[in-house]
Amino acid sequence: MERIIEEIREDLYRRLAPVADRLADRTLAEDPAYAALLGRAELRERIHHNLRQAVEGLARSLRGLPVDLSDARATGTLRAEQGLPLASLLRTYRRGGRLLWQTLTEAVTAYDRAALPRLLPGANALWDVLDQLTDAVAEAYRRTESLRGERDRERRAALLDVLLDGAADGPAAPEAAAQLGLPERGRFAVVAVGPGGPALLPGAAPATRSASGVAGVAAGGVAAASGVASAGQGSGSGPRVLWRIRADGETGLVELGHHPLESVRELLAPFGVRAGVSPVVEAPAELARARGLAALALRTAPASMSVSGGPYTVLLDERLPAALVAAQAELAARLRQVVLGPVLELPAEDRRVLLTTLGTWLACQGSTIHAAQRLYCHRNTVSNRLRRMERLTGRSLADPAHVVELALAHAAVVQRAAAEPGPARPGQGRGPGLGPDGRAIPLPRPGDPAARRSSPTPAGTARRSPRPRA
């Protein structure tokens with residue numbers, strides 16, 4: 001076989017020229033990616049060179065020498081850098097391999113038809129060479145594509161840092177926005193997602209992380225210390241989100257378009273993540289400020305689903321009083337002490353009962369009846385607890401100014417409890433014993449399995465009988 005190849009090599013090389021012409025014409029006619037990238041002369045020359053390399057590889061293989069794969073690797077690297085789809089590249093290589101086998105059989109037939117059967121055992125050698133060349137092309141392509149993707153992610157992360165952090169070591173905000181495909185004016189918001197939640201999928205919306213990232217954010221979740229993921233969606237399915245993924249949480253730059261701000265909550269709802277959303281801003285230069293507001297909103301978000309079934313994700317404009325408290329840590333501490341100091345000094349169980357009742361009453365818009373229903377006790381019990389709260393604090397729930405003070409102080413207590421490490425357990429001294437959202441932890445209904453596992457009825461709580469009296 002080796003002798004035959006050597007004897008027909010010159011004729012085989014002559015036959016490869018028209019083969020390269022035909023394959024180049026077919027490729028340009030059937031593959032728009034190649035047609036957009038290369039002219040006919042360049043493509044034809046590259047195909048002709050690759051076919052000759054395959055013949056050289058076959059000759060080396062028949063002599064027991066390794067196939068030279070450097071040209072194949074260079075081709076894979078070049079096409080990846082140029083953005084040619086890998087499928088297009090491999091399809092051309094496979095077609096070239098079939099045409100090469102056909103041309104080889106024609107050359108052997110013309111040389112000595114009787115030698116044709118001796119060519120058949122060499123088929124395995126040829127296809128092995130072609131497989132090596134194709135594998136080398138694909139491996140180099142994928143490696144280059146991976147490196148290019150990493151560079152693109154780093155570049156996009158840097159551009160997002162310019163917008164979200166106000167980073168000075170980069171282009172101006174309008175230029176960074178333009179490079180990310182964002183309009184100069186529009187409707188934007190920022191969403192801050194706390195650590196510990198599911199990673200967003202990069203390249204996909206959280207209802208994909210990706211956004212990044214919550215993502216990704218498509219294609220495999222990224223929980224790296226630094227990363228960026230895009231969650232582009234059609235205008236009919238939701239806003240576009242660019243995720244910036246870090247170890248301390250994930251930040252999403254939301255291009256709302258015509259979608260309402262509430263759509264961000266709907267986007268994150270399937271993931272049950274704890275998140276805060278900034279108000280709408282109109283220019284990329286305002287996004288750094290919006291990120292600060294989103295982080296502030298996150299500090300007011302419930303640590304888990306609220307008793308009333310409310311969302312984990314909160315909009316800042318819905319939590320302004322709590323955000324005001326969160327923004328002023330020193331004043332919040334003073335507010336807790338001045339307004340609720342006597343209550344906080346009570347034994348843990350009494351403190352839990354009074355603060356839970358106050359939080360529930362506030363959540364029920366001052367309705368004693370609704371608060372009693374949520375707490376599973378008589379409304380007179382709620383009234384008695386609230387009167388005790390008034391005596392201890394020196395503030396009247398009939399005075400709107402006093403109610404504002406109590407509500408803000410209650411929010412300060414809840415935020416402090418949520419910030420403390422370790423699980424919150426009602427009545428065990430760490431925090432006020434409130435629910436994760438600062439609202440009431442309702443007492444179990446009598447007869448429920450949870451009632452048998454719960455602690456004894458708090459002082460001053462009158463449980464109702466599970467059955468009405470006759």
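Guide: What follows is a set of questions and answers on strands, helices, loops and a core.

Guide: This is a predicted model, in which local features need pLDDT of at least 70 and side-chain atom pairs count only at pLDDT 80 or more, while totals for chains, interfaces and linings use all residues. Residues are numbered from 1 along each chain as its sequence is written, and side-chain values use heavy atoms, with hydrogens and water left out.

Visitor: Why is strand 1 called largely enclosed?

Guide: Strands (E, at least two residues) and helices (H or I, at least four) are DSSP runs numbered from the N terminus, and a residue is buried under 20% relative accessible area, exposed over 50% and partly exposed in between, with a 1.4 Å probe and protein chains only. In strand 1, residues 188–193, six of the six residues are buried, so the rest of the structure largely encloses this strand. F188, V190 and A192 point one way while A189, V191 and V193 point the other way, and all are buried.

Visitor: How do you know that strand 1 pairs with strand 4 and with strand 5?

Guide: Two strands pair if DSSP finds at least two bridges between them. Strand 1 and strand 4 run antiparallel and are joined by six bridges, with V193 opposite E250; strand 1 and strand 5 (residues 275–277) also run antiparallel, joined by three bridges, with A192 opposite G276.

Visitor: What makes strand 3 largely enclosed, and which strand is joined to it by a hairpin?

Guide: Seven of the seven residues of strand 3 (residues 240–246) are buried, so this strand too is largely enclosed by the rest of the structure. A hairpin of two residues leads from strand 3 to strand 4; the two strands, the latter spanning residues 249–255, run antiparallel with seven bridges between them, and E250 is the bridge partner of I245.

Visitor: Why are helix 12 and helix 15 called oblique?

Guide: Axes are lines fitted to C-alpha atoms, for helices over the stretch in contact, and angles run from 0 to 180 degrees between N-to-C directions. Angles under 35 degrees count as roughly parallel, over 145 as roughly antiparallel, 65 to 115 as roughly perpendicular and the rest as oblique. The axes of helix 12 (residues 329–344) and helix 15 (residues 379–393) come within 8 Å and cross at roughly 120°, and the two helices are therefore oblique to each other. V339, L340, P342 and V343 of helix 12 make the contact (heavy atoms within 4.5 Å) with M389, L392 and T393 of helix 15.

Visitor: Is T313 buried or exposed, and what about Q365?

Guide: T313, in the loop between helix 10 (287–300) and strand 6 (314–315), has a relative accessible area of 3% and is therefore buried. Leaving aside neighbours within four places in sequence, T313 is in contact with R265, L268, V273, A275 and V277. Q365, in the loop between helix 13 (348–363) and helix 14 (368–375), has a relative accessible area of 77% and is therefore exposed.

Visitor: What makes the phi of Q365 worth a mention?

Guide: Most residues other than glycine have a negative phi. The phi of Q365, which is not a glycine, is positive, near 60°.

Visitor: What makes a nonpolar core, and which residues touch the most other members here?

Guide: A nonpolar core is a set of buried Ala, Val, Leu, Ile, Met, Phe, Trp, Tyr and Cys residues joined through side-chain atoms within 4.5 Å. The largest one has 44 residues, of which I47, L89, L100, L104, L126 and L133 touch the most other members.
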